[in-house]
Every structure is written in C-alpha cells, then in structure tokens.
Amino acid sequence: MTKTTRPPTSAATAVPTGPFVPPPINTIEDTGLNPLWLQDLALKIFYFQGYMSGFKLAEEIALPFTGVLSQILDALKREKLIEVRSSQAGVGEGAYIYAITGAGIARAREALERSQYAGPAPVPLEMYNDAIRRQSRGRLQVTNRVMRQVLSHVVLSEDTYQRLGPAVNSGMSIFLYGPPGNGKTTIARAIGNLIQAQKMYIPYAIYVDGQVITLYDSVNHQLAGEEDASMQGTGGLRSTVRRDPRWVQIRRPFIVTGGELTMAGLDLVFDDTLKYYEAPFQIKANGGILLIDDFGRQQVRPRDLLNRWIVPLENRIDYMSLHTGRKFEVPFDVLVIFSTNLPPKELVDEAFLRRLRHKIEITDPNYEEYREIFKRVAAQKGVAYNDQGLAYLLQEYYIKANRKLRASHPRDLCDQILDISRYLGMEPEMSKELIDRAVKSYFVEL
C-alpha cells in the first residue's frame, strides 16, 4: 500500500501539548486552501443564495472577512464574476450587497459539475489529523469512586464494577456480552456521559485533494457552546474571532450504531449527485466513543466487521479511499464498545476475541440485586413497593416457572402495573391482583 501522506503519530502514544484551540486565520494562506478553489466555493454560495452581504458570506463560508474573504471578493470583482448592488446596508465593504454576474453563474455551474458542496470552508487533512492527535482522549483516569458515581443509577455486582473501571481507563476496545435486558447499553451510555463532559474541536468539513468530506453532524455531535463571545451575532464579528471559524466546539462524541451498520458505512460515503463525501461513523466518533449495539445483528457479518478494524484497533490508524483511488490515513482515536446478547463464540473466533482487550460479561441480577432494582424503579414510577408483593412475584412467576431474572423486568412490570391501575381506577401497588395481571400481559410464556 502506497502512503500518500506523512505517517501520523499514533493516537495511542500522542501527548497533547495543551488545550487545542484552532489558530486564527489572518491570510488566505492560513487556510491551507487554494485561492481559486475558495473563489469557486464563494461563487457556489452566491449561486444558491443570490444577493448577499460580505458579512453574510463570511458566516456561510466560515472565514473572517478582514484579510481573507475581502481578498476573495476583490478578486471576483476584478474578474467581473460578482458585482456590488448596494452599499446602503452599513459601513464598510463587508456591508455591501453583492450579486453574481452572468460570467459568475457560468463559472459557478462549472464548479458545481465537480462538486455541489457550498458550505463552510473545509480544513486540510493534515490540519485535521494534527488536531485529533493533539486532542487525543489519552487514558481516562477513572477511579472506583468515579465509576460508582457514573453508574449510580445502575445496580451491578461488585465484580462488574471492578472490571469496568480498568476497561474504561485502558481507552481501548470493550466487549460487553450477556443476556438481554441486563443493562449493557445503559452501561455504555453511562460511560459515554462520562467522556461527553469533556469538549473538543472538529471542523465542519475536511479537504483532501480537491474533494470535500463533511464531518460535523448535528445528529451525532452535540454543540458545547463557545467561550468566545465574538462567535455570536452578525458576520461582522468574524474579523475579531480569536480562532479559526471553520471549527466547531462539541462535546466528545458518543455515537451509537446498531442493526443498520453495513461495511459501506465504515468507509467514505460518496454522494453521486452532490459529488462530495460524508465521513463514516468511526471518523465522526474520533476523540470519543463508538457503540456497536446489538453486535452480531448487523447486515454485515461480525467476522467481516472485525477484519475491517484489525489495523485500526491495534495501530490506532485507519485508512480511507477516495473514488479517485487516493488513499490516506486518519487517526483512529476511538473507544469502541461492542455490546451483544449473543454467545461470543458464535460471533468471532479466539483470534478476534484476543484483539478485543476487555471482555466483560453482564450477568443476570441475583435476588438481592433484583430487589434493589425493583425498589428503585417502583419509587421512581410511583408504584407502592412492598416485600410481600415481590416475594409473591418471585415465587409464583420466577421460581415455579424456572424463569431467569432480568434487570429490565422491574421497569417493564411497573409500567404494566401503572397501565392496569389507571384502567381500573386503582392506586398502583404491588398487590397480588395487579401483579397477576401485569405478568400475564408482559410475559409471553408463563
């Protein structure tokens, strides 16, 4: 495999040099992009939006007006690709209203034939890779006390607590397995909440050899709020931004994918109509967590999925390919959590399990844990709890029926009790009558 970019330092060994803040842009050269390419991007925005002020264009293209966009507009005016239509909206060239000319429309259409991307200016690949390495998650320093706080809403065995903490601290892959309904996804989300307390910067899009890869995703990324007040308000404030406005501050990602995951979803997704790319799940999750929920039920075989990730999981580097044939490296700074209720040996062989550093079984609760779960859920949902009702439930519908305890049963049975009590006009409580009716509505086989 021919490498076309300089090998990045492994994200697993990179040492951040301090909080990363995208450096400010003062000149076109600071963007790392070709001035002609930026001109085409500005023309495409004009083509789609029509009349715009210089400040409004600065907002759309995510570049400061002073020193950068003003030069781009000057070049477009000299070539008669845009023209000033009004100067009455305010003071300065940024307040002028510009319009695209006939010649500008022709050039914009030529640019649209290559790519219809018309959004914030992208960041060169090298800048993105460097930023991810500098913002590497490193090793989370999770203590026993912190783990218990994070999972305080979950009832787990002591053994499970003691195994989860080191797994999170490792920053590597975690394999959660066990029967359904015992909180594997809940545990993964709690770990996600822990890492989302931290913030990081990602660009709106990445630039690779003339191609654009969109990265920021409002569905999977949660904005963290800007400390720099100059980011608020009108485009005129872009000139005072103390960082590169092509970046957005988010909470570290926690991205969940389940049965919809395919092999194609792990590579760059090229839109044949729009002619630009969307980043795959693992790149969107860089710096955070990627949860593969219901592992083994995807449209792709588990073996194929893990084959695809052997190199990223071990070397913390992933390889992407453009439709032009260009291959490039990106950091794989992701804590991957696999969650499954299928037997591990049915999914992967020993060689693959070895590459998943931490394997943790989430087992059925014992009777004491089940009782604690039921008490918490009943109090939360407003169902009057009593030990006599629980003893009746366990004896009649678990012990006699040889049914397994599941951590999700108390929640679901309390919901059944609430539904039935409302219908009957009764107070929700753990009476024999309500328990009998709840069980018959909930369990398929008695």
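Select helix H1 (residues 35-49) and colour its buried residues: Trp37, Leu38, Gln39, Asp40, Leu41, Ala42, Leu43, Lys44, Ile45 and Phe46. Buried means under 20% relative accessible area, exposed over 50%, and partly exposed in between, with a 1.4 Å probe and protein chains only. Helices (H or I, at least four residues) and strands (E, at least two) are DSSP runs, numbered from the N terminus.

The model is predicted: local features need pLDDT of at least 70 and side-chain atom pairs count only at pLDDT 80 or more, while totals for chains, interfaces and linings use all residues. Residues are numbered from 1 along each chain as its sequence is written, and side-chain values use heavy atoms, leaving out hydrogens and water.

Stay on H1 and check its length. The expected span of a helix is 1.5 Å times one less than its number of residues; for the 15 residues of H1 that gives 21 Å, and the end C-alpha atoms are 21 Å apart, which agrees. At the N-terminal end, show Asn34: this residue caps H1, with a side-chain oxygen 2.7 Å from the backbone nitrogen of Leu36. A polar contact is a pair of N or O atoms within 3.5 Å; within protein, one must be able to donate a hydrogen and the other to accept it, and residues adjacent in sequence count only if both atoms are side-chain atoms. After H1 comes Gly50, with a positive phi near 80 degrees.

Next, select Leu38, Phe46, Leu57, Ile61, Leu69 and Leu73. Among the 32 residues of the largest nonpolar core, these touch the most other members. Such a core is a set of buried Ala, Val, Leu, Ile, Met, Phe, Trp, Tyr and Cys residues joined through side-chain atoms within 4.5 Å. Two or more residues each come from H1, helix H2 (54-61), helix H3 (65-78), strand E3 (97-100) and strand E7 (205-208). H1 gives the most, with seven residues.

Move to strand E5 (residues 174-177). Ile174 and Leu176 point one way, Phe175 and Tyr177 the other way, and all are buried. Strands pair if DSSP finds at least two bridges between them. E5 runs parallel to strand E16 (residues 335-340), joined by four bridges, and also parallel to strand E17 (residues 358-361), again with four bridges. Centre on Phe175: its bridge partner in E16 is Phe338, and in E17 it is Lys359.

Rings of Phe, Tyr and Trp (its six-membered ring) pair if their centres lie within 6.5 Å; planes under 30 degrees apart count as stacked, over 60 as edge-to-face and the rest as tilted.

The whole structure holds 20 aromatic pairs. In one of them, Tyr96 and Tyr98, the centres are 6.4 Å apart and the planes at 45 degrees, so the pair is tilted. Tyr96 is partly exposed at 25% relative accessible area, whereas Tyr98 is buried at 1%. Then select Tyr117 and Tyr276, an edge-to-face pair with 5.4 Å between centres and 85 degrees between planes. Tyr117 is in the loop between helix H4 (102-114) and strand E4 (123-124), and Tyr276 in the loop between strand E11 (269-270) and strand E12 (277-278), 159 residues apart. Both are buried.

Finish with two arginines. A charge sits over a ring if NZ of Lys or CZ of Arg is within 6 Å of the ring centre and within 35 degrees of the ring normal. Arg148 lies over the face of Tyr161, 4.5 Å from the ring centre; the charged end of Arg403 is over the ring of Phe443, 3.9 Å from its centre.
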